[in-house]
Structures are given as C-alpha cells and as structure tokens.
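Biologist: I'm new to this one. Can you walk me through it?

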Amino acid sequence: TFATPFESGCRMMILYALAYTASQIDVREKIATWLKRENLWTHVSPNEKDFFDGRVTDEQKIIDYSWEGEGAYILAWALNIIKDTPTPTEQVSEEQLEMFTNAVPPLGTTLSAFLSCLSYRDTAEIYDENIFHELATAYFRDLLF
C-alpha cells in the first residue's frame with residue numbers, strides 16, 4: 001500500500017527542503033525551524049535531522065542531499081502536481097525544476113491547506129512508471145558491470 005497523499009506530500013516538501021538547503025547551507029536553521037513549525041519534523045529521518053541541525057559537514061554527504069530534489073520531483077508527479085516525469089537517462093531539466101517550484105508552495109510558507117488537498121494520479125500509471133524505472137535501473141546497472 002502507498003503512504004497517504006498527505007504523508008507523500010510531507011516527504012516531497014522535506015526532500016525539496018534538503019535539496020535547496022544543500023546549496024544554501026546558511027539557511028539550515030531557518031529551514032529546520034520551518035519544518036518544525038509545519039509539523040513535518042516527525043517525518044524527517046535522523047540523518048536528515050543531523051543535516052538540518054548542522055551536524056553534517058562532509059562535502060560528499062551535502063552533495064548527496066542536493067540530489068534529493070529528484071525524489072521530490074517524482075513525488076510531485078505521483079501526486080499529480082506536475083505532468084511530466086524525467087527520463088531515466090537524464091536529470092531533471094531546468095524547465096522541469098521551474099515547473100516544480102511554480103507548482104509547490106515556497107519553502108517557509110504554510111503548508112496545511114496544500115498538503116490536505118493532495119491526491120495520487122491513477123495507481124496503474126504510478127506502477128507503470130515504477131516498473132519502467134526499475135527496468136531502466138537494472139539495464140544501466142548491468143551495463144556498468
């Protein structure tokens with residue numbers, strides 16, 4: 001079973017916040033305060049809490065968090081917030097990122113109305129996309145090895 005649309009929306013906003021904060025380290029405390037104010041902190045993993053609390057200083061880990069925007073984007077697609085998915089051979093494009101940031105509330109704003117109105121796109125479409133990406137991952141992994 002899927003998480004509820006509300007839970008997936010919470011996760012999407014957390015991933016978005018992680019990706020943004022990884023490139024704007026000086027806003028970590030403000031983002032953590034916002035996540036707590038919006039009652040999202042309970043959905044943040046222990047490792048992510050360490051990042052937001054400033055206990056992660058390893059440059060590679062920070063770079064890894066910058067890629068969490070890809071996860072936020074695909075959750076936005078599953079929640080029918082955006083129309084297109086990225087191809088498995090390319091990262092999310094600037095145009096797709098702009099569509100995403102225009103479709104979700106800005107970081108730091110109130111989320112309750114937005115999160116309470118979310119719903120998934122057709123389940124079959126989500127499963128089809130998942131199968132496609134799993135097969136693409138297996139194919140590219142096999143090529144690597």
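Biologist: Let me start with a spot I picked. Is Ser93 buried, partly exposed or exposed?

Modeller: Ser93 counts as partly exposed, at 30% relative accessibility. Buried means under 20% relative accessible area, exposed means over 50%, and partly exposed is in between, with a 1.4 Å probe and protein chains only. Before we go on, this is a predicted model: local features need pLDDT of at least 70, side-chain atom pairs count only at pLDDT 80 or more, and totals for chains, interfaces and linings use all residues. Residues are numbered from 1 along each chain as its sequence is written, and side-chain values use heavy atoms, with hydrogens and water left out.

Biologist: Where is Ser93 found?

Modeller: Ser93 is in the loop between H5 and H6. Helices here are DSSP runs of H or I with at least four residues, strands are runs of E with at least two, and numbering starts at the N terminus.

Biologist: What separation do the C-alpha atoms of Ser93 and Arg55 have?

Modeller: They are separated by 31 Å. Along the chain, Ser93 and Arg55 are 38 residues apart.

Biologist: Now salt bridges. How many does the structure hold?

Modeller: Five. A salt bridge is a side-chain nitrogen of Lys or Arg within 4 Å of a carboxyl oxygen of Asp or Glu. One of them pairs Arg11 with Glu48, at 2.4 Å from N to O.

Biologist: What does the Arg11 and Glu48 pair tie together?

Modeller: Arg11 lies in helix H1 and Glu48 in helix H3, so the pair ties together parts that are 37 residues apart in sequence.

Biologist: Is Glu48 buried or exposed?

Modeller: Glu48 is buried, with a relative accessible area of 5%.

Biologist: What else does the side chain of Glu48 reach?

Modeller: The side chain of Glu48 reaches the backbone nitrogen of Ser45 at 2.9 Å. Leaving aside neighbours within four places in sequence, Glu48 is in contact with Arg11, Ile14, Leu15, Leu18, His43 and Tyr65. Contact means heavy atoms within 4.5 Å. Helix H3, where Glu48 lies, covers residues 46-52.

Biologist: Back to Arg55. Which residue meets its side chain in a salt bridge?

Modeller: Asp50, at 2.7 Å from N to O. Arg55 is exposed, with a relative accessible area of 53%. Asp50 counts as partly exposed, at 26%.

Biologist: And Glu125, which residue does it form a salt bridge with?

Modeller: Arg121. The closest N and O atoms of that pair are 3.1 Å apart. Arg121 counts as buried at 9% relative accessibility, and Glu125 counts as partly exposed at 35%. Elsewhere, salt bridges that share partners join Asp50, Asp53 and Arg55 into one network.

Biologist: Let's go inside. Which residues touch the most other members of the largest nonpolar core?

Modeller: Met12, Met13, Leu35, Phe52 and Ile81 do, in a core of 40 residues. H1 (5-23), H2 (28-37), H3, H4 (59-66), H5 (68-78) and H7 (112-116) each supply at least two residues of this core. H1 gives the largest share, nine residues. A nonpolar core is a set of buried Ala, Val, Leu, Ile, Met, Phe, Trp, Tyr and Cys residues joined through side-chain atoms within 4.5 Å.

Biologist: Pick Met13. What does Met13 touch?

Modeller: Not counting residues up to four places away in sequence, Met13 touches Trp34, Leu40, Val104, Pro105, Leu107, Leu111, Phe114 and Leu115.

Biologist: Last one. Where does Phe140 have its place?

Modeller: In helix H8, residues 123-144. Phe140 is partly exposed, with a relative accessible area of 36%.

Technical notes: Polar contact = N/O pair within 3.5 Å; in protein donor to acceptor, adjacent residues only side chain to side chain.
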